[in-house]
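Here's a quick briefing to read with the structure open beside you. We'll start with a pair of helices, then move to the sheet and end on a single residue.

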Amino acid sequence: MNIRRLVKPNIRGLKAYRAEEIPCRVKLDANESPYGFSVLRSVRINRYPDPEAKTLRGLVAREFRVKPENILHGNGSDELIYNLIATFGGPTAYPVPTFSMYGILSQALNETGIEIPLDEKFDLDTERFLGVIKKRKPKLIFLSSPNNPTGNRFSSDRIWKIIKASKGMVVVDEAYQPFSGRNEFLPLLGKYGNLIVLRTLSKIGLAGLRVGFMMAGADIINEVNKVRLPFNLNSLSQHVAVAALRNRERMRSYIRSVVSERKRLFKEMKKTEGIEPYPSQANFILFRIRGNAGSVSANRNAADRIYEGLLHKGILVRNMKGIFDGCLRVTIGTPRENTAFLKALRQLL
Ligand code: PMP
């Protein structure tokens, strides 16, 4: 696939900023302070961070079994979503409801975002997607799988159909992949020239660091790299992310605990009258509150009431009002937090 043809003309002619790193004894080239203090041993914060995040990308490459040249680092994956839209432009297309930043950033960058409703099982409506691909030729399609806020993974065959039909880029956003276990897109990066996979460290214990990754063919990485700010990933974040990735066993055990708690919470919620939880492959559960009258407005009011009631007891969940009326979304916490949530919810119902 000829990637350059898809890139916005102003980006096509652009050369990436190069922050050269020349080994030296006395470093006086970058207007840094010579007086530093180390917050963590070996992190010199008087110096600019490694613009290429080489150590981190090397570790991620090994972890995901891709080459470092197929990885671009972001200040969170939402920065990479921004960079992707800045590189390829619009129209963009995505199912709804989904992660709101696809729409917000499209609008912020003055590009049209095409919303395609999910089907009744929260899966991709392939027919509508194929229609949009044919008629409106989106430059970028964003598919969050597992999807936020519904929690389900989209059917693989539907995603592949969209990747094959699209003449633009298809971004499979796997922010919640660690909780779903399936890893089928990364191994096929080389086979599909328009496939981009997004991952983040935010959901597995490191949200405060702001570290995300985009994996794609080297030609795509080179284009998107032109719009990336040179020092987008600060030294502390790089350092801590490297330390965390070297201590993967601990992260894996946290993920296992979230997954087993998700199963327990789902089972308990399923037994609870007055709500309907939706199966999730992510680190949260979306659930519908049934109002006594059963009407849409009764459900909406009941969801507001439960939301407020939980908050009154000190438990904050997400009210999906306006995105998924009548629904709330609860993130999986520690076993104690989950039990407290369940107890409060049952009292309120
Ligand atoms: N993608 C999805 C689907 C998300 O839900 C989120 C966070 N809510 C992100 C990306 C952004 O993650 P990050 O913290 O890496 O910017």
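In this predicted model, Glu261, Arg264, Leu265, Glu268 and Met269 of helix 10 meet Pro335, Asn338, Thr339, Phe341, Leu342 and Arg346 of helix 12. Sort the residues of that contact by type and you get five nonpolar, two polar and four charged.

**The helix pair**
- Helix 10 covers residues 248-271 and helix 12 covers residues 335-348; they pack with their axes 11 Å apart, at an angle of about 10 degrees.
- Because of that angle, helix 10 counts as roughly parallel to helix 12.

- Seven strands make up an open sheet with mixed pairing, and their order is 1-7-6-5-4-2-3.
- At the edges sit strand 1 (71-74) and strand 3 (113-117), each of which pairs on one side only.
- From one strand to the next, the twist averages 25 degrees.
- Strand 6 and strand 7 (residues 212-215) run antiparallel and are joined by four bridges. Within this pairing, valine 197 has methionine 215 of strand 7 as its bridge partner.

**Helices against the sheet**
- Helix 7 (residues 156-165) packs on the sheet and touches strand 4, strand 5 and strand 6. Its direction makes about 155 degrees with that of strand 5.
- Helix 3 (residues 54-64) lies across strand 1, strand 6 and strand 7, and runs at about 125 degrees to strand 1.

**Strand 4 up close**
- Strand 4 (residues 140-144) is mostly covered, with five of its five residues buried.
- Leu140, Phe142 and Ser144 point one way, Ile141 and Leu143 point the other way, and all are buried.
- Strand 2 (residues 92-96) runs parallel to strand 4, with two bridges joining them; here alanine 93 has isoleucine 141 as its bridge partner.
- Strand 5 also pairs with strand 4 in the parallel sense, over five bridges, and leucine 143 stands opposite valine 172 of strand 5.

- You'll find asparagine 194 in the loop between strand 5 (169-173) and strand 6 (195-200).
- Is asparagine 194 buried or exposed? Its relative accessible area is 4%, under the 20% cut-off, so asparagine 194 is buried.
- The side chain of asparagine 194 reaches the backbone oxygen of glycine 168 at 3.1 Å.
- Leaving out residues up to four places away in sequence, asparagine 194 touches Met1, Ile163, Ser166, Gly168, Met169 and Val170.

How values were computed
Residues are numbered from 1 along each chain as its sequence is written. This is a predicted model: local features need pLDDT of at least 70, side-chain atom pairs count only at pLDDT 80 or more; totals for chains, interfaces and linings use all residues. Side-chain values use heavy atoms; hydrogens and water are left out. Buried means under 20% relative accessible area, exposed over 50%, partly exposed in between (1.4 Å probe, protein chains only). A polar contact is a pair of N or O atoms within 3.5 Å; within protein, one must be able to donate a hydrogen and the other to accept it, and residues adjacent in sequence count only if both atoms are side-chain atoms. Contact means heavy atoms within 4.5 Å. Axes are lines fitted to C-alpha atoms, for helices over the stretch in contact, and angles run from 0 to 180 degrees between N-to-C directions. Angles under 35 degrees count as roughly parallel, over 145 as roughly antiparallel, 65 to 115 as roughly perpendicular and the rest as oblique. Ala, Val, Leu, Ile, Met, Phe, Trp, Tyr, Cys and Pro count as nonpolar, Asp, Glu, Lys and Arg as charged, and the others, Gly among them, as polar. Two strands pair if DSSP finds at least two bridges between them.
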